[in-house]
Amino acid sequence: MPNRRYESGRRMEWQRRKVWESLGCVVVRAAGSHSCWDLVSIHPALPVYLIQCKIVQTEVQANRMLRAFEKNPPMPKSESYVMVLEVQVIRKGVYSISVCA
């Protein structure tokens, strides 16, 4: 049986996947890949979105994580894709930041 952190992370990924699909995107969940991207969102009229999902306890942790992602993204910036970090604060909501060229 998977642990609770895995289950909550998986649940967040599926929730965010539904949000992106509601925007008309095709979304692939990179389960078990151990890459820095949890979701890849593709839309014919938009660049590819590489999405990382995280869950934290406090808004302070979320803000720290979002600032660090913006300052030092996991890949070089490009016009071909947009890097997105979506951070869920338990019982609060989801915060998001995008990094592009």
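Predicted model: local features only at pLDDT ≥ 70, side-chain atom pairs only at ≥ 80, totals over all residues.
Let me start with the strands. Strand β2, residues 39-42, runs antiparallel to β3, and three bridges join them. One of the paired positions is serine 41, whose bridge partner in β3 is tyrosine 49. Between β2 and β3 there are five residues, and the two strands form a hairpin.

On to the pairing of β3 with β4, residues 81-89. That pairing is parallel and has nine bridges. If you want a pair to look up, take cysteine 53, which has glutamate 86 in β4 as its bridge partner. To get from β3 to β4 the chain passes through helix α2, residues 59-71, and this β-α-β crossover is right-handed.

Next, the largest pocket. Its volume is about 710 Å³. The lining has 26 residues, and Arg5, Tyr6, Gly9, Glu13 and Cys53 lie nearest the centre. So which element gives the largest share of that lining? Helix α1 does, with nine residues. Strand β3, residues 48-56, also supplies at least two. Sorted by class, the lining has 10 nonpolar residues, eight polar and eight charged.

Last, a residue in helix α1, arginine 17. Setting aside neighbours within four places in sequence, arginine 17 is in contact with Val27, Arg29 and Leu39. Leu39 belongs to β2, the strand we began with.

Notes: Residues numbered from 1 in each chain as written. Heavy atoms only, no water. 1 Å grid on protein atoms, 1.4 Å probe; cavity = no way out; pocket = protein on both sides within 12 Å on 5 of 7 lines; lining within 4 Å. Points joined across faces, edges and corners; volume = space filled by probe spheres on them. Helix = DSSP H or I, 4+ residues; strand = E, 2+ residues; numbered from the N terminus. Nonpolar A, V, L, I, M, F, W, Y, C, P; charged D, E, K, R; others polar. Contact = heavy atoms within 4.5 Å. Pairing = 2+ DSSP bridges. Right-handed = clockwise from strand over helix to strand, strands pointing away.
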